[in-house]
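These notes are meant for a colleague who is opening this entry for the first time. Please keep the sequence and the 3D view at hand while reading.

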Amino acid sequence: MPVQLLEEAQVLDVIAVRAWCSLALEALGRDRAEIDAINVYPVADGDTGTNLYLTLESAQQAVEAVFAGLEAGPEPAAPALPEVMRAMAHGALIGARGNSGTILAQLLRGMAQVLAAGGVGEVGGSEGDHAGGADADALRLALGRAAEAAREAVAHPVEGTVLTVATAAAQAASGVEGGCRDVARAAYEGACVALDATPGQLAALGSAGVVDAGGRGLVVVLGALSEAVSGEAVPVRRGGAGGHARVDAVPDGVLLECPESEGAEGEGAAGPAFEVIYLLEADDKAVARLRTRLDALGDSLVVVGGDGLWNVHVHVDDAGAAVEAGVEAGRPYRIRITHFGLGDVHATHASAPPRERAQRAVVAVVPGDGLAGLYAEAGATTVPDRPGEPPASGELVDAIRRAHAREVVLLPNDAELRHTAAAAAEQARSEGLRIALIPTRSAVQGIAALAVHEPDRRFDEDVVAMTSAAGATRYGELAVAERQSWTMAGICQAGDVLGLIDGDVAVIGGEVPATARTVLDRMLAAGGELVTLVLGEEVSDEVAGALEQHVRESYLAVDTVVYRGGRQSALMLIGVE
């Protein structure tokens, strides 16, 4: 999306918020490695920049989805500020990664609580008119609420961290007159001053001679906000004293804090072994009990969200107990457990030499637990494609890094992910890896490509063979229509079973078995040797058996293989090779 900036900064409207997301993501992408490199607190795992980037990428995608939904309608319109701010906060919440990303999500939620409140600080326009927006007073309140919300989310707030920087930004904004551009610039400059002081507030930072990595990331985000409302880029601050990376010395007479509860790094310091993160559906009372229990289990506890959906982050020695606590509170999902002792691609350890890279690996996006298991058995590193939550480019880059190979074949398995996959491939190439992107448009094409993958032959030959196998596989799927709509096969009604072939609706039916048979017949009319069926949770084994029998009786020398895909957006995926 081309970034559109405001010439006048009287209000913060939806165009400015959209630009803010894009500018912040671009800036975090540019500074991610530097921020990773100065990450020493609360755990020196070298991923703060990456986590902030992935969190904001999720927020930006949610904002773009709001705009795309309205722009694609019969009467294109711009969304209202409340809708955009809620989307931004929700996207950050569900995509939050690590301690820093979780706190950033709560900062955005705090801002959204003010800016999405109907009528508060709005000037000009109606709710559906993007010309309206929040004025300077509303932006001051939003920054203040953001800082408060972040502190409330952290079990044991510590000064010298991103919390300190957020508070300083809010205080600076509250003390300046003028419009939104003045407020945003004051917040940025106040954050810069506070960030430079962080090495004198935390022993871990002072010892390492760096500023706080999370605070450094927040400065980047606030700089993007200033640019979005003013049209003027903030000064690039990079490296050296006052440049928000490393500092030469801590001022004399400054007392350094070393809070044990937050696991500050230092000589002989030993923190919890695991980082546990999950989304949680639970009510407020259950979450209050969960906070108490997790606080007793470990440290770096941050619980953000509300209205029934929460993002939980904690460092513990007993990861199972942390997950069980979530189960008792509600429904945890998207659970991520990281063992700090294993390190990652951003960190190096003198006591453990880096793990040798494999020569070649395959990274694939897969829609469903069943297929994830199938791909993993074949040696692929998988990235989940959850219904309504497509993976971001940062997740694909993470998977490429996890594969830990010199050469990587990337299978997006979805036509809608071609640009995301291309961006991930380009990022990985910039890190010195050899990447081949095979434009698979369905998981069944990925299965065909993976079936002929031979890591021992030359890279180019392997890619050609996998590309040929994928290209020779026609793909179809069955889905349920969500609403009345025009299609290539006519008008469908909500609840109709749609049969798609190569991405276009070819059949509209009332029942899964009959629609699947018709789709198979049309796909096999051009010939074929192997039919692959990937069944969703709703499709019974009886239906699969009937389809196998239909192929066996109607088409000589055509084999059928059936896989259970688990929970996926499609009722059934069909491949014909």
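The numbered points below go from the whole chain to single elements and residues.

1. Basis of the note. This is a predicted model, in which local features need pLDDT of at least 70 and side-chain atom pairs count only at pLDDT 80 or more, while totals for chains, interfaces and linings use all residues. Residues are numbered from 1 along each chain as its sequence is written, and side-chain values use heavy atoms, with hydrogens and water left out.

2. The chain as a whole. The chain holds 18 helices and 19 strands, where helices (H or I, at least four residues) and strands (E, at least two) are DSSP runs numbered from the N terminus. Of its 577 residues, 54% count as buried; buried means under 20% relative accessible area, exposed means over 50%, and partly exposed lies in between, with a 1.4 Å probe and protein chains only. Among contacts between residues at least 6 apart in sequence, 72% join residues at least 24 apart, a contact being heavy atoms within 4.5 Å.

3. The open sheet. Four strands form an open sheet in the order β5-β6-β4-β7, with antiparallel pairing; two strands pair if DSSP finds at least two bridges between them. Strands β5 (298-306) and β7 (331-339) stand at the edges with a single partner strand each, so one side of each is left without a neighbour in the sheet. Neighbouring strands of this sheet are turned by 10° against each other on average, direction ignored; axes are lines fitted to C-alpha atoms, for helices over the stretch in contact, and angles run from 0 to 180 degrees between N-to-C directions.

4. Strand β5 and its surroundings. Seven bridges join β5 to the antiparallel strand β6 (residues 309-316), with Gly298 opposite Val316 and Gly306 opposite Leu309. The two strands form a hairpin with two residues between them, and Asp307 in the turn has a positive phi of about 55°. Helix α10 (residues 284-297) lies across β4 (274-281), β5 and β6, and runs at about 165° to β5. Although β5 is an edge strand of the sheet, eight of its nine residues are buried, so β5 is largely enclosed by the rest of the structure.

5. His313. This residue belongs to strand β6 and, with 0% relative accessibility, counts as buried. A polar atom of the His313 side chain lies 3.2 Å from the backbone nitrogen of Asn99, and a polar contact of 3.4 Å joins the side chains of His313 and His315. A polar contact is a pair of N or O atoms within 3.5 Å; within protein, one must be able to donate a hydrogen and the other to accept it, and residues adjacent in sequence count only if both atoms are side-chain atoms. Leaving aside residues up to four places away in sequence, His313 touches several residues, among them Gly98, Thr102, Glu275 and Leu301.

6. Helix α13 (residues 393-403) has 10 of its 11 residues buried, so α13 is largely enclosed by the rest of the structure; the buried residues include Glu395, Asp398 and Arg401. Just after α13, His404 takes a positive phi of about 55°. Strands β10 (residues 405-411) and β11 (residues 434-437) pair in the parallel sense over four bridges, and Val408 of the pair stands opposite Ile435 in β11. From β10 the chain crosses through helix α14 (residues 418-430) to β11 in a right-handed β-α-β crossover, meaning that, with the strands pointing away from the viewer, the path from the first strand over the helix to the second runs clockwise.

7. Thr473. This residue is placed in the loop between α16 (459-471) and β12 (474-480), and at 2% relative accessibility Thr473 counts as buried. Its side chain reaches the backbone oxygen of Ala469 at 2.9 Å. Beyond residues up to four places away in sequence, Thr473 touches Val444, Gln445, Ala448, Gly575, Val576 and Glu577.

8. If a disulfide is taken as a pair of cysteine sulfur atoms within 2.5 Å, the count comes to zero. Cys180 is buried at 0% relative accessible area, and Cys192 is buried at 3%. Ala208, in helix α8 (residues 203-208), is partly exposed at 34%; Ala208 and Ile38 are 170 residues apart in sequence and 8.4 Å apart in space, C-alpha to C-alpha.
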